[in-house]
Structure formats: structure tokens, C-alpha cells
Amino acid sequence: MGAGLSEQSAVRPEYRIEDLAHHSGATVRTIRAYQDRGLLPRPERRGRSNVYGDSHLARLRQIADLLDRGYTLASIKELLDAWDTGRGLGGVLGLVAEVQGPWTDEEAARITRAELDARFGGTPDEEAVREAVELGVLERIPGRDTEEYLVPSPQELAVAVELHAAGVPLSAITGHLRELREQVEHMAGRFLEFTTEHVFARYLEHRPPTDSDAAEAAAMVRRLRPLAQQTVDAELARAMRILATRHLQLHLSPEPPPVRDDEPRPVQIPAGTIRAVQALVGAEGVAAFVTAATERELNKRTLDSLTINGANSPRVH
């Protein structure tokens, strides 16, 4: 009898709550809180002791994994209830893994502080490094003898290096990245809203979705994953072609030809004067008012000239 129990214990390990906490990485207090919320089944009572099994350990690991994926405890309970009623978590977790997978083929790299300084001209810039870490362009790697960073996007770092080599200050580069990131996140959000409304809504009618719906949605994510970047690439290329051409024409267009002495020269009227005239006669009457005022001044000067000439001419007696 004792041997049989021993063999059963060898097949199905049993844990006290302290042992379960040690193996799962959760605290005793957390385990009890999960039990109170219905996330973790109650232990088996053996005399005065509570006994936990591998199912409890597996459940704790599932909860930890879902928390890492960004789920709340309330949504985790819905998923686990679905699991317990036979609907399964496989499809849902597959969908989550697909969405959280890499959205680019680019692979992260590592760079030491000395290499980083060398790529940016050899002069250390603590403020620039701090901003790069804050933006996620660099991630500190702890526990190293030398200062080392993970570079999630080597391509993004390479762009910064080239811009700096071309004369753009690091502060301007980071400022531009902040502005660009805000705009790109807005575009990504709109793309997700668009595809959710027209594509994924039918897969999300149930909470949580069934295994088959989740599997179909995951396959659709794989199909649509490259479309966002392809669309942005195409539209950016179109906009750059149009705007860059205009920009180049503006800066490279020849100076206007000099005006000959016998040709009328354009006159710039101060903006304040234009505003004052507009307040008197309205926007539509500005040109006529300026013309009339000019003609009046010319006529006045003509009369003055005639008067002066008449006064100075000899009189006949």
C-alpha cells in the first residue's frame, strides 16, 4: 500500500504551498489571491495540510505567461474558464503569438559604448545616449564588464549615423524621431481599426473566440502582416517624389532677371498698411484703394509742380 502511494507520488508530484511558490516563481500571497479570484483551483485537503499538484503549477505558469502578454487578470479568468469548459486556449494563444511576433525580418544587434561613440564621431554624448535609451533605439544590457547595448533596429541606428555624418545634430535627430513615431503610431492605429472593422470583427464575436475562429484570425494576421508596411512604403515614396521635386525646384530655381531702368519695379507694401486698408474698405477693395491713393498723390504732386513753376515764371507787364 505504502509502495503504491510512493509510486503514485513519483508520477504525480505534490507540493505544499511554499514548494509551489518556489517552483512557479509566484509568492504564497499571490497564489492565495489567485485562489480567491477563481483563477487557481483549490488544493486537495490532506488532514491538516493543503496539497497542490502539477495542474496547479501548470496553471500558475499559464497565468504568468498571459500576464507577460499584457492580459489583465479579468481577461485571464475568461480565457481559463473557456479552457475549463473545453473550448481550449490553443487557438487564442496561437493568435496572441502571431500578433506579438516580429513584424519585420530585421534582427537585433549589439554594440559597445566605445563602438557607439566611434560611429557618431568619437565624442561621447551622454544626453544623446540617454534619449536613445528612452526612445528604445538602444537597450542597456546589464551585468557586462563593458558598457553594452542591444540595438532592436540596426537599420534605425544606421539612419541616425548617416544623418549625423551629414551634419544633423543628435538633438535634432531624436526630436525628429519622436515626432515621426507619433505620426507612425497614429497610422498603425488607423490600420488596425480599419482591418478590425472589415476583417477581424467576424472572428471576435465570441469572448474568447473559439479555437477555429482564433486559428483563422491568426492565419489572416500572417497574410495581412506585410500590407501595412507595403502601403506606407508606397505612399511615402509617392509623397517624397512629389515634395522633393517641389523642394528642389524652389531652392534651385534661377534668380528673377534684373529689372531694366525703364521697366516698372515691383513695390512691397508693408503688411500693416495692407491690414489697415483692408479694415477700411474690405479685402476686395484693397487694390482699388491703393491705386486711387497712388493716382491722387501723383495728381497732387503734378498740381504742386505746376503751381511752383507758375510762381517762378517771369511776369509780363
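Helices here are DSSP runs of H or I with at least four residues, and strands are DSSP runs of E with at least two, numbered from the N terminus. On that basis the protein chain of this predicted model has 13 helices and five strands. Of its 317 residues, buried ones make up 24%, and the chain exposes about 23100 Å², of which carbon and sulfur atoms supply 56%. Among the contacts in the chain with a separation of 6 or more, 56% are accounted for by residues 24 or more positions apart.

**Packing of helix 2 with helix 3**

- Helix 2, which covers residues 17-24, packs with helix 3, which covers residues 28-36, at an angle of about 100°, and the axes of the two helices are 9 Å apart.
- Because angles of 65 to 115 degrees count as roughly perpendicular, helix 2 and helix 3 are described as roughly perpendicular to each other.
- On the helix 2 side the residues that meet helix 3 are Ile-17, Glu-18, Leu-20, Ala-21 and Ser-24, while on the helix 3 side they are Val-28, Ile-31 and Arg-32.

- Three strands form an open sheet in the order 3-5-4, and their pairing is antiparallel.
- Strand 3 (109-112) and strand 4 (139-140) are the edge strands of this sheet, since each of them pairs on one side only.
- Strand 3 runs antiparallel to strand 5 and is joined to strand 5 by four bridges, and within this part of the sheet Thr-112 has Glu-148 of strand 5 as its bridge partner.
- Strand 4 also pairs with strand 5 (residues 148-151) in the antiparallel sense, here over two bridges, and Glu-139 has Leu-150 of strand 5 as its bridge partner.
- As a general point, the strands of a sheet pair through backbone hydrogen bonds, in either a parallel or an antiparallel manner.

**Two threonines in helix 10**

- Thr-174 lies in helix 10, which spans residues 170-200, and with a relative accessible area of 11% Thr-174 is buried, because the cut-off for that class is under 20%.
- Once neighbours within four places in sequence are left aside, Thr-174 is in contact with Glu-131 and Leu-135.
- Thr-195 also has its place in helix 10, and Thr-195 is likewise buried, with a relative accessible area of 6%.
- With neighbours within four places in sequence again left aside, the contacts of Thr-195 are with Phe-200 and Leu-224.

- Ala-215 and Tyr-203 are twelve residues apart along the chain, and a distance of 9.3 Å separates their C-alpha atoms.
- Val-281 is found in helix 12, which spans residues 271-281, and Val-281 is partly exposed as well, with a relative accessible area of 37%.
- If residues up to four places away in sequence are not counted, Val-281 touches Val-286 and Phe-289.

Technical notes:
Residues numbered from 1 in each chain as written. Predicted model: local features only at pLDDT ≥ 70, side-chain atom pairs only at ≥ 80, totals over all residues. Heavy atoms only, no water. Axes fitted to C-alpha atoms, helices over the stretch in contact; angles between N-to-C directions. Parallel < 35°, antiparallel > 145°, perpendicular 65-115°, else oblique. Contact = heavy atoms within 4.5 Å. Pairing = 2+ DSSP bridges. Buried < 20%, exposed > 50% of the residue type's maximum accessible area, 1.4 Å probe, protein only. Areas by Shrake-Rupley, 256 points an atom, 1.4 Å probe, with all protein chains shown as cover.
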